[in-house]
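Work through the exercises below with the sequence and the structure open beside you. Each task is followed by a solution that goes step by step.

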Amino acid sequence: MTNPAGAWRTRIPLPAIVLGIVSLVAACSTEPDERVEISFWAMGREGELVRELTDRFERENPGIRVRVQQIPWSAAHEKLLTAYAGDAMPDLFQLGNTWVPEFVALNALIPLGPRLDGSRVLDAGDWFPGILDTNVLQDRLYGLPWYVDTRLLFYRRDIFEAAGVTEAPRTWAQWTEAMRRVRARETAGDFPILLPFDDWTPPVIFALQLGSPLLRDEDRYGGFSDPKFARAFDFYLGFFRQDWAPSTGRDRPNNVYQAFAAGQVAMLITGPWNIGEFGVRLPESVQEAWATAPLPAADGEAPGVSIAGGASLAMSRSTAHPDAVWALMEFLTAPQQQVEFNRLTGDLPSSRTAWRMARLDEHAHTRAFWEQLQKVEALPKIPEWERIASRITRYSELVIRREMSPDAALAALNEDVDRILEKRRWLIDKRATGPVAGLSAR
């Protein structure tokens with residue numbers, strides 16, 4: 001039927017009209033949810049415990065919702081790469097700082113320098129310089145240090161004292177003398193130090209202390225034939241030659257904590273996670289007997305250099321909400337939150353202000369880390385480093401097991417590393433002559 005005005009009219013029951021009006025009013029009275037949601041991938045235990053901080057961030061920033069996903073460390077690297085390949089990266093994610101170069105090479109990260117320069121919350125000078133440097137590639141900052149890690153000495157003070165060693169060694173010469181004294185006192189089956197075969201960090205740390213470049217020619221070739229690396233490698237092997245460290249499976253303890261508690265090993269080179277582990281795993285009788293100390297220096301002023309480790313926070317280039325992500329990054333790395341994060345996890349803060357607020361720079365076991373973190377260096381900032389590190393481990397073990405001579409091992413290591421870096425050389429050469437397809441601009 002057509003009405004006089006030519007418009008179609010349909011009879012609508014009264015209850016339906018009332019219901020429609022109510023629905024319309026209800027719709028008009030509901031404010032749209034304008035909250036921004038950002039995804040945050042955090043690894044391991046940090047991923048579980050950071051929710052307490054993100055909950056507080058949401059209360060202080062009601063316009064932002066944070067969806068935290070906990071990723072096991074064992075799956076983190078592959079999962080991030082899979083997400084990158086599938087264009088499904090989280091807005092914000094945690095990165096081990098040796099992974100930063102790889103994700104920069106993939107053009108997966110947003111540079112953060114301009115935002116940091118404009119921040120009223122953060123000060124780049126508050127971070128340990130060596131740690132901050134791990135996040136800088138080609139003069140651009142790609143990550144904010146979240147928590148820090150390095151290696152130093154954990155030792156049994158009572159064993160040292162019984163051997164006539166009154167203080168922790170500050171130089172290689174003092175360290176050597178301490179080894180001799182402790183070894184002379186200990187019985188068969190006991191050792192001054194335990195150096196795991198699968199740990200590449202000791203020979204690399206000793207090499208950094210001597211100024212070895214590790215790699216050469218813009219990180220295009222191995223530098224393991226350098227005399228400085230050879231001297232560092234010889235110093236490392238000396239621990240085994242002198243029988244200061246167990247070199248056979250028969251002598252190596254199955255449980256490090258039990259061996260340390262029993263005095264079967266007097267020293268370890270390890271990281272801050274063992275402060276908490278020692279507190280839990282060692283019996284009460286030895287809790288007052290262990291201590292930490294910065295690494296002895298090779299030739300110069302103590303402490304010696306150690307490696308700059310830890311984890312950073314990085315912003316995905318694919319994020320649609322960079323301002324919200326940056327707000328969370330500022331929040332999590334600000335000194336007050338760093339203090340809270342240390343309380344929750346035991347992780348050492350990246351902020352030096354946070355160290356002082358929590359008095360970690362005065363604590364019996366963290367004071368040595370405070371001193372050591374003033375003198376740490378970044379590892380070679382290339383995506384291939386993890387593969388290179390595994391080759392250092394392999395050849396070191398072959399020499400310790402006397403299946404290869406030191407000279408032959410270093411030559412083979414150099415050859416392997418040159419092969420690993422072959423693609424890198426090709427890319428650098430191509431970049432010098434023009435744009436390379438598939439090579440991201442940075």
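**Exercise 1.** Is the crossing of α10 and α11 right-handed or left-handed?

*Solution.* This is a predicted model, in which local features need pLDDT of at least 70, side-chain atom pairs count only at pLDDT 80 or more, and totals for chains, interfaces and linings use all residues. Residues are numbered from 1 along each chain as its sequence is written, and side-chain values use heavy atoms, with hydrogens and water left out.

Begin with the axes, which are lines fitted to C-alpha atoms over the stretch in contact, with angles running from 0 to 180 degrees between N-to-C directions. Those of helix α10 (residues 201-209) and helix α11 (residues 227-241), both DSSP runs of H or I with at least four residues, come within 8 Å and cross at roughly 135°. That makes α10 oblique to α11, because angles under 35 degrees count as roughly parallel, over 145 as roughly antiparallel, 65 to 115 as roughly perpendicular and the rest as oblique. The crossing is right-handed, meaning that the near helix is turned clockwise from the far one by less than a right angle.

**Exercise 2.** Which residues does W99 touch, not counting residues up to four places away in sequence?

*Solution.* First locate W99, which lies in the loop between β3 (92-96) and α5 (100-105). Next, W99 counts as buried at 12% relative accessibility, since buried means under 20% relative accessible area, exposed over 50% and partly exposed in between (1.4 Å probe, protein chains only). Finally, with contact taken as heavy atoms within 4.5 Å, W99 touches W73, A76, H77, L80 and E386, residues up to four places away in sequence not being counted.

Conventions:
Helices (H or I, at least four residues) and strands (E, at least two) are DSSP runs, numbered from the N terminus.
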